[in-house]
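Trainee: Could we go through this model together, taking the confidence, the strands and the helix contacts in turn?

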Amino acid sequence: MAVPLTDSEKRKQISVRGIAGLGDVAEIRKSFNRHLHFTLVKDRNVATPRDYYFALAHTVRDHLVGRWIRTQQYYYEKDPKRIYYLSLEFYMGRTLQNTMVNLGLQNACDEAIYQGLNPGLPFEMSSVNVETFKVVVLVLWNSLHIVNMHSPLLTLGLDLEELEEIEEDAGLGNGGLGRLAACFLDSMATLGLAAYGYGIRYEFGIFNQKIVNGWQVEEADDWLRYGNPWEKARPEYMLPVHFYGRVDHTPEGVKWVDTQVVLAMPYDTPVPGYKNNTVNTMRLWSAKAPNDFNLEEFNVGDYIQAVLDRNLAENISRVLYPNDNFFEGKELRLKQEYFVVAATLQDIIRRFKSSKFGCRDPVRTCFETFPDKVAIQLNDTHPALSIPELMRILVDVEKMDWDKAWEITKRTCAYTNHTVLPEALERWPVSMFEKLLPRHLEIIYAINQKHLDHVATLFPGDVDRLRRMSVIEEGDCKRINMAHLCVIGSHAVNGVARIHSEIVKHSVFKDFYELEPEKFQNKTNGITPRRWLLLCNPGLSDIIVERIGEDFLTDLSQLKKLLDFVDDEAFIRDVAKVKQENKLKFSAFLEEQYKVKINPSSMFDVHVKRIHEYKRQLLNCLHIITLYNRIRKTPKKSYVPRTVMIGGKAAPGYHMAKMIIKLITSIGEVVNNDPYIGDRLKVLFLENYRVSLAEKVIPAADLSEQISTAGTEASGTGNMKFMLNGSLTIGTMDGANVEMAEEAGEENLFIFGMRVDDVEAMDKKGYNAKDYYDRIPELRQAIDQMNSGFFSPNEPGCFRDVVNMLMYHDRFKVFADYEAYIKSQGEVDQLYMNPREWTKKVIKNIACSGKFSSDRTITEYAREIWGVEPSAVKIPPPNIPRE
């Protein structure tokens, strides 16, 4: 078998990665040397690989700075409407490669760092490509011995990919919601929108997952340990955020007094668009104690304790809450939510007031035009406090009339709903608000009263409707329903896939939809093709560029042109070859990381996402056990070899999710060590699934598992990444799977199981797992094996909780879809045995994945929610004088 090209070799073939201009290479090499020397204070004798990574990161960052400053100047001069994307999570992953891709610098950097540190060779290095250079050096060395043995050239030869691997992921998110925010930032910059991402600079991101004896163990993610070359602290924009205190109603207005102050220190990270010289900003806030923090303790002489207590204030930005689709209701989390909102709104208003035309035009000093200049998008309910906080500023600080302030607030804010699971909805105790944010509680009560008065006039006497629609939920513990607050206080509410938006309208917010149907929209999620194709799959990008050019990278709908190549033998061969190379590469990675040998010609069946009952990793487990039992029963039969890879993190407090991980690893122990099974079935748990691991596994996958119960997964975005990278999908009609099947044709996916209507019908009728257990022998055998300790011989009762849940309180109806899933997996096997037909379906899927670009999603948000138009204007680069 041919040795696959390395990514760096593939890059050299791809024009979209930037032609390595001679000047560029020399300039980058010079800059790299300068940073190694002046920024890192190292020479090559003591420099570590990490030093080289930092030198390269600073070199690449230098190329951003001029564009970043120029972009901000351009916005200041043109004064466009600004878009503020507020999110408690931005799951950015690594930055170096993405920045090189978007600036078209990859090839130049690749050559420059390979050539290395010696500018004093007897010929001009920058004019020689890397391969030629290697030959020249060997010839010179062997024949003339001209090159000094101490020249760094012979010892450096840095490999770009190895340096990229040193970078820590910025894991400031849990999963889909945080990664969506990151893709959106990329698209907003690429579409030339004046957009800002605002969030929290968590000192510790999503935990690192270790698997110890088959169990998940969490480790703190100290991602800032070595420093972050991509951020710039902005202490000059530090802002105060108030907590606690009390409210005074005075003749001059309402005053929130005797508060505790925490300072919000901004850190800015550049967000480059794709080859358009636009560089937007992600601003993340870090909590700092003010110098007079705990003044009382200073005054009673406990100076040391007072300084130590500064940590209490700074804990606000210490750690990301690791829950996905689950509301915990902790005070520290509410503090985080208000912290990001309060700091961000001060910043938004400062920028609104000080914009270029603000100082001369008196209209801009009043807030009439605020919604024409500012759009605030709330990424789920986490930043919902933006609504009462903006009201507080307008009414209490700017002395505006309530009704005018409310109109401005509603026209400014828009809300994206991300989940229909009841346990995920934020419902804060009123008592907590009373203590922490007393003025906001008053404002929320006032908003709710006016809202209920309005509903009562439209539906007189309908007390139950008032109860259902109230922001305040009565009961033993009065609670604030943040989703209701968001719907009332926004001019637009959207779901994130068509089926989800329908559920939002007709189920979750049914009463609100009846009240204001025009407010509700759909915006199907998308992914950035820069990271999720060009960066992670250079081989596939290359063969697509050869066929249809490179415009698809900013207009993914152009992939439709690949439909002309579905029967093209050369293209079929190329697509299959790229997939095989990606599988070989990932196999080598797994062997190095996990010391497991896998068969690269087996089907790579991949299920990666957060571990949650609704995502039904247990259904996958039942298929694995069934397959295992079949091979054991008839070992002579021919089977399609499979490597099943499951990965994802479980929330630390989610017992069932942790049991699911233990079950997967235990099944793997049995299956992988059974001599009867051999190479035909392997089960791998991919430890510490994160953005940088997704970039490796997704291009190598053959089969993508998207098997949530219909009506539970709002959209999914992993499903889109697999589709774009040449996997076929086995999935239910849930989330964006529905639209994927519509785009590519249902016959080109493996769709199985209950639809939303079937699930609803079953809920009415009642789901009885035991009926399936009694009726289906293979299912019964699998469950009995789990229950008896077959997969946990040292602890026979280990999985009784899991079995008990599946049998008696499974909200997600795993058994109801078991038969359909097993049957569908049989169809997968059949097709996989015909590589040509399999690859033709792959090509159709890639060709029909254009809808799922985040560029399309953001264009829809821009036009239909924010009231702005994407701009194709290319800001002049820093080396061209401004007009």
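Mentor: Two strands are taken to pair if DSSP finds at least two bridges between them, and helices (H or I, at least four residues) and strands (E, at least two) are DSSP runs, numbered from the N terminus. This is a predicted model, in which local features need pLDDT of at least 70 and side-chain atom pairs count only at pLDDT 80 or more, while totals for chains, interfaces and linings use all residues. Residues are numbered from 1 along each chain as its sequence is written, and side-chain values use heavy atoms, with hydrogens and water left out.

Trainee: What average pLDDT does the protein have?
Mentor: pLDDT is the predictor's confidence in each residue, from 0 to 100. Residues 119-155 stay under 50, and the model has 47 contacts for them beyond four places in sequence, a contact being heavy atoms within 4.5 Å. Residues 358-363 also stay under 50, with four such contacts. Across the protein, 91% of the residues score at least 70, and the average pLDDT is 92.

Trainee: Which residue in the turn between β5 and β6 has a positive phi?
Mentor: Strand β5 (residues 208-212) pairs with strand β6 (residues 215-219) in the antiparallel sense over five bridges, and N208 stands opposite E219 in β6. The two strands form a hairpin with two residues between them, and the turn residue with a positive phi, of about 55°, is N213.

Trainee: In the sheet of three strands, which residue of β17 is the bridge partner of E473?
Mentor: The sheet is open, with the order β15-β17-β16 and antiparallel pairing, and its edge strands β15 (427-429) and β16 (472-473) each pair on one side only. β16 pairs with strand β17 (residues 479-481) over two bridges in the antiparallel sense. In β17, the partner of E473 is R479.

Trainee: Why is one side of β22 and of β25 left without a neighbour in the sheet?
Mentor: The open sheet of six strands has the order β22-β21-β20-β23-β24-β25, with parallel pairing. β22 (681-686) and β25 (750-751) stand at the edges, so the reason is that each has a single partner strand.

Trainee: How do α27 and α36 lie to each other, and with which handedness do they cross?
Mentor: The axes (lines fitted to C-alpha atoms, for helices over the stretch in contact, with angles from 0 to 180 degrees between N-to-C directions) of α27 (residues 617-633) and α36 (residues 818-832) come within 10 Å and cross at roughly 60°. Angles under 35 degrees count as roughly parallel, over 145 as roughly antiparallel, 65 to 115 as roughly perpendicular and the rest as oblique, which means that α27 is oblique to α36. With a crossing called left-handed if the near helix is turned anticlockwise from the far one by less than a right angle, and right-handed if clockwise, the crossing of α27 with α36 is right-handed.

Trainee: Which residues of α19 make the contact with α17?
Mentor: The axes of α17 (residues 402-412) and α19 (residues 438-458) come within 13 Å and cross at roughly 90°, which makes α17 roughly perpendicular to α19. From α17 the contact takes W402, D403 and W406, and from α19 it takes I443, A446, I447 and K450.
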